Amino acid sequence: QVLLVESGGGLVQPGGSLTLSCTASRMAFSIYNINWYRQAPGLQRELVASITSAETTNYTESVKGRFLISRDNAKNTVSLQMNRLRPEDTAVYYCNAYFEGSGVLHDFWGQGTQVNVSA
């Protein structure tokens, strides 16, 4: 059974930094595209950043220039480096791995990690 585990969340002051990690097991990690989503209380889940198997990256507008997504296929890990954090970045952050092959979508989620940005 595929397992995605997020870590690195916590409490940080505005302007601070955190690095989230998503570590996968029991999957051919390098062929998966990886997304980081977040969900704040009362709001819909939002796609924050993504990195494809070819390491193409994309970011939602509000985090461009502040967040950096990267992957290490040798360690089955994707990281989300978050800088200049703002209170509005407070949310539960989720890792999502997906791959479509032969018409079948393989889609997996982690359990989430809480990020709180507050003075």
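Which side chain meets that of aspartate 89 in a salt bridge at 2.9 Å, N to O? The partner is arginine 38. This report describes that pair and its surroundings in a predicted model.

## Salt bridges around aspartate 89

The structure holds 4 salt bridges. In the one between aspartate 89 and arginine 38, the N to O distance is 2.9 Å.

Arginine 66, like aspartate 89, is buried. A network of salt bridges links Arg38, Glu46, Arg66 and Asp89. As a general point, side chains of opposite charge can pair when their charged atoms come close.

## The salt bridge of glutamate 61 and lysine 64

A further salt bridge joins the side chains of glutamate 61 and lysine 64, with an N to O distance of 3.2 Å. Glutamate 61 counts as exposed because its relative accessibility is 60%, which is over 50%. Lysine 64, at 46% relative accessibility, counts as partly exposed.

## The nonpolar core

The largest nonpolar core comprises 29 residues, and those with the most contacts inside it are Met27, Ile34, Trp36, Phe67, Leu80, Met82 and Tyr93. At least two residues of this core come from each of the strands S3 (18-25), S4 (33-39), S5 (46-51), S7 (67-72), S8 (77-82), S9 (91-101) and S11 (113-117). In soluble globular proteins, nonpolar side chains tend to be buried together.

Methionine 82 is one of the core residues with the most contacts. Setting aside residues up to four places away in sequence, methionine 82 touches Gly16, Ser17, Leu18, Leu20, Arg66, Phe67, Tyr93 and Val115.

## Threonine 113

Threonine 113 is located in strand S11. Its relative accessible area is 11%, so threonine 113 falls under the 20% limit and is buried. The side chain of threonine 113 reaches the backbone nitrogen of glycine 9 at a distance of 3.2 Å.

Beyond its neighbours within four places in sequence, threonine 113 is in contact with Glu6, Ser7, Gly8, Gly9, Leu20, Ala91, Val92 and Tyr93.

## The four-stranded sheet

Which order do the strands of the open sheet of 4 strands follow? The order is S1-S3-S8-S7, and the pairing is antiparallel. Strand S1 (3-7) and S7 stand at the edges with a single partner strand each, so one side of each lacks a neighbour in the sheet. On average, and with direction ignored, neighbouring strands of this sheet are turned by 15 degrees against each other.

Within the sheet, S3 and S8 pair in the antiparallel sense over 6 bridges. Leucine 20 has leucine 80 in S8 as its bridge partner. In general, strands of a sheet pair through backbone hydrogen bonds, either parallel or antiparallel.

Strands S9 and S10 run antiparallel and are joined by 6 bridges. Tyrosine 98 stands opposite aspartate 107 in S10. The hairpin of S9 and S10 has 2 residues between the strands, and in this hairpin serine 102 takes a positive phi near 55 degrees. Serine 102 lies in the loop between S9 and strand S10 (104-109). With a relative accessible area of 82%, serine 102 is exposed.

Arginine 26 also has a positive phi, near 60 degrees, although it is a residue other than glycine. Arginine 26 is placed in the loop between S3 and S4. Its relative accessible area of 59% makes arginine 26 exposed. Most residues other than glycine have a negative phi.

Conventions: Residues numbered from 1 in each chain as written. Predicted model: local features only at pLDDT ≥ 70, side-chain atom pairs only at ≥ 80, totals over all residues. Heavy atoms only, no water. Core = buried A, V, L, I, M, F, W, Y, C linked by side-chain atoms within 4.5 Å. Buried < 20%, exposed > 50% of the residue type's maximum accessible area, 1.4 Å probe, protein only. Contact = heavy atoms within 4.5 Å. Polar contact = N/O pair within 3.5 Å; in protein donor to acceptor, adjacent residues only side chain to side chain. Pairing = 2+ DSSP bridges. Axes fitted to C-alpha atoms, helices over the stretch in contact; angles between N-to-C directions.
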